[in-house]
Amino acid sequence: MSTDSAAIPAPESSLRPVALVARAVVLETVRRREFYVLAIFMGIFLAGALIAEIVGIENPATGTFILDLGLSLCVVFSQLVTLLTAARQIPDELEARTLHPLLAKPVSRGQCLMGKWLASVFVGVFALGVMLLMGWVPAPKMERYYDLTLLQALVLQVAAFCVIAALALLSSLFIPKMLNMVLLAIIVFKSSTIIGFLQARAAGTALEDVVRWLTGYIPDFSHFNLVQAYTGGVEPVGFETFTLRLAYAAVLSTIYLAAAVWVFNRRTV
Amino acid sequence: MAGRPVIEIDDLVVEYGRGRKVTRAVDGISLRVNEGECVGFIGANGAGKSTTIKTLMGFIFPTRGTVRVFGSEAGTVESRRRIGYLPEVALYYPFMKARELLELYGGLQGLSRSELRRKIPMLLEEVGLAGKGETLLRNFSKGMQQRLGIAQAIIADPEALIFDELSSGLDPVGKFDLRQVLLKLKSAGRTIFFSSHELTEVESLCDRVVMIHKGRIVTEATVRDLMKPLNEFGVIFEMPNGREMPPAVAAHQPECDGGRWRVTIRDPADYAAAVAALTAAGASIVSTASRTRSLEDYFISLVRSGDGTGGRGDAS
């Protein structure tokens, strides 16, 4: 230790602490070997797809079914990875008492949350990439599909990861970890059904406007899913629609993250 | 010592809970720690030490009062930039290697990669973890984690160190090593504020001691001042006829018991001066006796007494 001078490090760029926190989260995810479980699932699918290739598929509808199943699994698993990564960050740090040494460093709680959000999104993107290699590449493509639709589907999935991670971080500040994960999984996979149900129940009542306003804050993840459109041979969505969906994700992510930072800044740890 | 204030706590109140279940953990304490001082913060379990320290770090918010560190409000990034902190229970990411953890924390404190590469092996050696840089922390014992905690606290050469339960989890060798590190930091002019149950540690390291009991500061004094009333040196002597009592002895109000005098002195320096004066005055010293209570004795009596003053009052 050099104690000859009290070196005061110069104020840092606000991005470096974010990147360092994110790196730690990614390292944890890799070392916890959660990807291995997903890889096993995808490996099973890959084996099935390869057997189908070898045996030979004559019906194009069967090929499309396999492709649809493979891509849907990619999306579901990568969304789950994002959700699980984000939802456990703060509760695990509190439980393991690792948050104090981290927050004792010159890193703001906002930077800490941003790093964890960024890492959760990165982990989701990485999982999607890896699983696409196994779920999409080997699947038989026997009908006409639009590559641009697939590209849009992937970009919108990344947008969905941003929303999922932000929402999971926010709700993890209020709700116990396991309950949070279950509730979020329901929202991610059944949001449009929930929103439709609530709005239908409130229709024609005095609460209609309130419910419509409140359900506006529940993300409708069906807007981000173009997998069925791709496997159904549907043409890409228009630029305006695509941009609006991205903006929808950006607005929701910003609201959730800002709320999470606000709450976390006022919370005793 | 009258350097710049590093820690300033004014009328701090911290309460937990709501409504009827409110518990007041810290009850209106005020305290200053100046630059270059080493201050020990002692008290029984539940006295409010950790709550105060967590407030200093911004983990807990004051119910009332102000807490400032280096002039900034406690908990701000600016206030934490110049502090090294060791938590009460040092637990670190089990999936990381020791080197990676120090890279993370050093990086957060603004150290460059080249600085980290240079510093980390030296630091690990200094805290007794040489060669453990590539070991996963899940394989570290409690004592090793505590040593690593010290390394992460001092990695950026902070101006002030705040340690919550200084030597918790360390074996005697670890405690010795830690003391050497702290003495080195102290001699380099760092400000050190720590809570501890190891009162011998407090005695040997601190310039000043603050005792907290039931959320209130009951004693704040230099170690020397605090120890004064804990010592008792008794002298029984006979004065030659016609000789005046030396002032160095008379100041301590000796009592005459038959033909002999008996005096009780608390300060070791005063005691030495009194004995020298008696000898010079030709007095015959019949007997001497000393009884020194340790800080630990005082602490125990303080904790056990109902009013928290140990029946002694405030030394400050």
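## A helix tucked inside

Helix α3 (residues 98-108) of chain B is largely enclosed by the rest of the structure, because 10 of its 11 residues are buried. Here "buried" means that 20 or more other C-beta atoms, placed from the backbone, lie within 10 Å of a residue's own. Helices are DSSP runs (H or I, at least four residues), numbered from the N terminus. The model is a predicted one, where local features need pLDDT of at least 70, side-chain atom pairs count only at pLDDT 80 or more, and totals for chains, interfaces and linings use all residues. Residues are numbered from 1 along each chain as its sequence is written, while chains are lettered from A and ligands numbered from 1 in the order in which they are written.

Which residues of α3(B) are buried? Among them are A98(B), E100(B), L101(B) and Y105(B). Their cover includes α1 and α4 of chain A, along with α4 (113-126) and α5 (142-154) of chain B. After α3(B) comes G110(B), with a positive phi near 95 degrees.

## Where the chains meet

Chain A puts 30 residues into the contact and chain B puts in 34 residues. Two residues are in contact if their C-beta atoms, placed from the backbone, lie within 7 Å. On the side of chain A that touches chain B, α1 (15-31) and α4 (99-103) each supply at least two residues. The largest share, 7 residues, comes from α1(A).

By class, that side of chain A has 17 nonpolar, 6 polar and 7 charged residues. Nonpolar covers Ala, Val, Leu, Ile, Met, Phe, Trp, Tyr, Cys and Pro; charged covers Asp, Glu, Lys and Arg; the others, Gly among them, are polar.

## A look at chain A

Chain A has 10 helices and 0 strands. Its C-alpha atoms fill a box of roughly 75 × 55 × 35 Å, taken along the principal axes. Of its 269 residues, 39% count as buried.

Now for a helix pair: α5 (residues 109-135) and α6 (residues 147-172) of chain A pack at an angle of about 140 degrees, with their axes 9 Å apart. Axes are lines fitted to C-alpha atoms, for helices over the stretch in contact, and angles run from 0 to 180 degrees between N-to-C directions. α5(A) and α6(A) are therefore oblique to each other, as angles under 35 degrees count as roughly parallel, over 145 as roughly antiparallel, 65 to 115 as roughly perpendicular and the rest as oblique. The residues making this contact include W117(A) of α5(A) and F161(A) of α6(A).

Terms used: Buried ≥ 20, exposed ≤ 12 C-beta atoms within 10 Å, placed from the backbone.
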